[in-house]
Amino acid sequence: MVLIRRANEQDIEDIIQVKQAVWPDEAADAALMRQVIWDAAHLTQVAIVDDGVVGFVDGFNTLSLKGVPQWNLDLIAVHPAFQGRGIASDLMRANTGAGRDTGAGQARGLVAVDNVASQRTFMRCGYVCDEVVCGLYVGGDFSGELGSLSNTELARNIIPVTTLNYRGLWVENAWTNPIFAMALGMAQAQSGQIIGAVIPLGERGAVDVAQVYHLELVGHYQWWMLDFTESAIV
Ligand SMILES: CC(C)(COP(=O)(O)OP(=O)(O)OC[C@H]1O[C@@H](n2cnc3c(N)ncnc32)[C@H](O)[C@@H]1OP(=O)(O)O)[C@@H](O)C(=O)NCCC(=O)NCCS
């Protein structure tokens with residue numbers, strides 16, 4: 001019997017244990033997790049089996065370019081000893097449903113092209129894969145002049161996020177010189193933030209600009225989407 005419930009501060013050590021079992025090479029930041037779990041804009045949930053945490057998921061809204069909230073199913077993991085029992089599907093359904101109940105227009109998740117287990121979980125819950133393959137570019141460095149912090153038009157493409165893994169700025173929708181310059185300026189003003197950009201591989205100009213700013217390709221990903229106005233969570 002699996003229980004899905006909202007995570008609390010007492011779950012953090014257990015979440016870290018699941019995270020380390022799933023991603024042994026990645027560090028875990030308990031203080032950051034505490035901040036996310038307490039953040040009313042996030043919903044972090046845990047899966048409990050026999051009183052122990054065996055999986056977790058986190059989701060939160062960002063604004064689309066049209067100003068509509070979209071739910072980001074950002075991170076989901078199940079301890080290897082408990083995988084294949086439908087637990088991720090239960091977590092994903094619960095988290096996506098909560099996202100829909102916030103009034104979001106759609107939910108989305110970014111999945112590596114070779115992550116079959118994650119793809120099947122999104123598919124099972126009613127998400128649809130966007131065929132466009134994207135490069136995930138992360139990092140950023142530039143020795144020239146960086147952008148001003150006050151350009152509200154450009155800022156619409158730069159989304160500050162705090163996740164269970166990092167504080168960062170997502171560069172979305174447009175990937176131009178001034179936008180990356182502004183994002184890097186913002187990241188430098190607030191140390192510890194990383195920049196991420198999910199760029200369709202066909203957008204050669206955008207990829208070139210990301211590379212000018214020394215963002216590095218970490219892998220190939222696709223968006224998985226669930227439009228709440230058209231589709232149901234299954
Ligand atoms: C992705 C993950 C969360 C799935 O957890 P899970 O509890 O095993 O998933 P479920 O049991 O709910 O299975 C969901 C679907 O995935 C399939 N699946 C699960 N593990 C699989 C595997 N190793 N290979 C292929 N398919 C797999 C299931 O068969 C099911 O699909 P189906 O309904 O078509 O049969 C888990 O594998 C995991 O933690 N992976 C590492 C972390 C990760 O990649 N997270 C996602 C990126 S943020």
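Leu73 is buried in this predicted model, with 26 other C-beta atoms within 10 Å, where a residue is called buried if 20 or more other C-beta atoms lie within 10 Å of its own, exposed if 12 or fewer, and partly exposed in between, the C-beta atoms being placed from the backbone. Leu73 belongs to strand 4; helices (H or I, at least four residues) and strands (E, at least two) are DSSP runs, numbered from the N terminus. Leaving aside neighbours within four places in sequence, the residues in contact with Leu73 are Val57, Gly59, Met92, Asn95, Thr96, Ala107 and Gly109, contact being defined as C-beta atoms, placed from the backbone, that lie within 7 Å. Leu110 is 37 residues from Leu73 in sequence, and the two C-alpha atoms are 8.1 Å apart in space. Residues are numbered from 1 along each chain as its sequence is written. Because the model is predicted, local features need pLDDT of at least 70 and side-chain atom pairs count only at pLDDT 80 or more, whereas totals for chains, interfaces and linings use all residues.

The chain is assigned two domains, domain 1 (3-131 + 222-227) and domain 2 (134-220), with bounds that come from an automatic or database domain assignment. The centres of the two domains, taken over C-alpha atoms, are separated by 23 Å. Between them, 14 residues of domain 1 are in contact with twelve residues of domain 2. On the side of domain 1 that touches domain 2, two or more residues each come from helix 2 (30-38), strand 3 (52-63), strand 4 (69-78) and strand 5 (106-112), and helix 2 gives the most, with four residues. By class, this side of domain 1 has eight nonpolar, three polar and three charged residues, where Ala, Val, Leu, Ile, Met, Phe, Trp, Tyr, Cys and Pro count as nonpolar, Asp, Glu, Lys and Arg as charged, and the others, Gly among them, as polar.

Helix 2 has Met33, Val36 and Ile37 as its buried residues. Seen down the axis of helix 2, these buried residues fall within an arc of 95°, so they line one face of the helix, the arc being that of the directions from the helix axis to the C-beta atoms. The face of helix 2 turned away from the buried side carries the exposed residues Ala31, Arg34 and Trp38. Helix 1 (12-22), strand 2, strand 3 and strand 8 (158-162) are the elements against which the buried residues of helix 2 pack. In helix 1, the buried residues are Ile12, Ile15, Val18 and Lys19, and, seen down the axis of helix 1, they fall within an arc of 120°, so they too line one face of the helix. The cover over the buried residues of helix 1 includes helix 2, strand 2, strand 3 and strand 4.

The ligand is surrounded by 19 residues, of which the closest are Gln83, Ala88, Ser89, Ala117 and Arg120; a residue is taken as near a molecule or strand if its C-beta atom, placed from the backbone, lies within 6 Å of it. At least two residues of this shell are supplied by each of strand 4, helix 3 (87-101) and helix 4 (116-124), and the largest share, six residues, comes from helix 4. The shell around the ligand divides into nine nonpolar, seven polar and three charged residues.

Helix 6 has 13 residues and reaches 18 Å from its first C-alpha to its last, close to the 18 Å expected at 1.5 Å a residue, the expected span being 1.5 Å times one less than the number of residues. Ile179, Phe180, Ala181, Met182, Ala183, Leu184 and Ala187 are the buried residues of helix 6, and what covers them includes helix 5 (152-155), strand 8, strand 9, strand 10 (193-200) and helix 7 (204-212). Asn177, which also lies in helix 6, is by contrast exposed, with 11 other C-beta atoms within 10 Å.

Two loop residues other than glycine have positive phi values. Asp50, in the loop between strand 2 (42-49) and strand 3, has phi near 50° and is exposed, with 8 other C-beta atoms within 10 Å. Asn173, in the loop between strand 9 (167-171) and helix 6 (177-189), has phi near 75° and counts as exposed, with 12 C-beta neighbours inside 10 Å.

Notes: Contact = placed C-beta atoms within 7 Å.
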